[in-house]
Structures are given as C-alpha cells and as structure tokens.
Amino acid sequence: MHISTCITGFEKEPSALNIGILGYNNKLSEYGFRQIIENNKEQVKKISKNKRIALLEDGTQLETILNTCWHTLQGRRFDQLILFDDNRWLIYYYRDEDIYNIKKFTMMLSNVPEEFQILNYEDIR
C-alpha cells in the first residue's frame, strides 16, 4: 500500500503513528492511557517503566501528555491526539490552549489527514 503526502505529492509506505493522549486533567490522562492499553492489550508489545509510553505491535507509539508547556513539547511529534474526558466534554473549554499548543508544536508533520488528527475517547465508568 502506498500513500501520497500533501506536501510532496510522492507516494510512500505508511509509517507507524505517534499518538498523544490528553485528558481533562493529568489523572484522567493517565487513566485514559491505561484504558486504551487495556482495550488493546493484544496489540501492546511494550510499556515503559513509568507507564506513560506504550509501543504496539505495528510500531505505533502511544504517549500520555502530562505537561503541555511549549518547552516540554519541543522535540516531540504526534500524528494524532486522543482527548479523554467524561460525557460533559469540558476539555474543549478548559484545555483549549493546551490542545492548540499540541497541534501547533507537535502535529505540523502529521501523517494523518487533518479531520482525523483529534479523536474523542469518552470515559464511561
């Protein structure tokens, strides 16, 4: 399978994705990471010692985002951002600037079409 990038127009093999997970607060970010790992445990190849980064069998990397200051985002790159919140979805109100900074500083070279770069994952406890 080959894909064409909008920047170069050349076809290339799809690469593994880097996916960031951001919750309404740090506690929900970590809980959301654990939920996603639990729901996809057959695909998990390795989890880091601090349990904030996971590598899947296809090379995709999942990472919990706890600190959203621009200097902590430097050097990081995400193709996709998963927002984790409850059914009220206040994350868009309270963390709008953080979402903007993540998109601005880490997702400029995303391999995912823009309409699929941010996904919602609802906490249903």
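Modeller: Happy to; please keep in mind that the model is predicted. Let's begin with K51, which is found in the loop between β4 and β5.

Biologist: Is K51 buried or exposed?

Modeller: The cut-off for exposed is over 50% relative accessible area. K51 passes that cut-off, so it counts as exposed, and its relative accessible area is 60%.

Biologist: What is the phi of K51?

Modeller: Most residues other than glycine have a negative phi. K51 is not a glycine, yet its phi is positive, at about 60°.

Biologist: Which residue does the side chain of N50 contact through its side chain, and which through its backbone nitrogen?

Modeller: N50 sits in the loop between β4 (44-47) and β5 (53-56), and it is partly exposed at 46%. Its side chain reaches the backbone nitrogen of R52 at 3.0 Å. The side chain of N50 also makes a polar contact, at 2.6 Å, with the side chain of S48.

Biologist: Moving on to another loop, is W89 buried or exposed?

Modeller: W89 lies in the loop between β7 (80-85) and α3 (91-94), and its phi is positive, near 50°. Buried means under 20% relative accessible area. W89 has 19%, so it is buried.

Biologist: And for the protein overall, how many helices and strands are there?

Modeller: Along the sequence the pattern reads β-β-β-α-β-β-β-α-β-α-α-β. That gives four helices and eight strands.

Definitions and conventions:
Residues are numbered from 1 along each chain as its sequence is written. This is a predicted model: local features need pLDDT of at least 70, side-chain atom pairs count only at pLDDT 80 or more; totals for chains, interfaces and linings use all residues. Side-chain values use heavy atoms; hydrogens and water are left out. Helices (H or I, at least four residues) and strands (E, at least two) are DSSP runs, numbered from the N terminus. Buried means under 20% relative accessible area, exposed over 50%, partly exposed in between (1.4 Å probe, protein chains only). A polar contact is a pair of N or O atoms within 3.5 Å; within protein, one must be able to donate a hydrogen and the other to accept it, and residues adjacent in sequence count only if both atoms are side-chain atoms.
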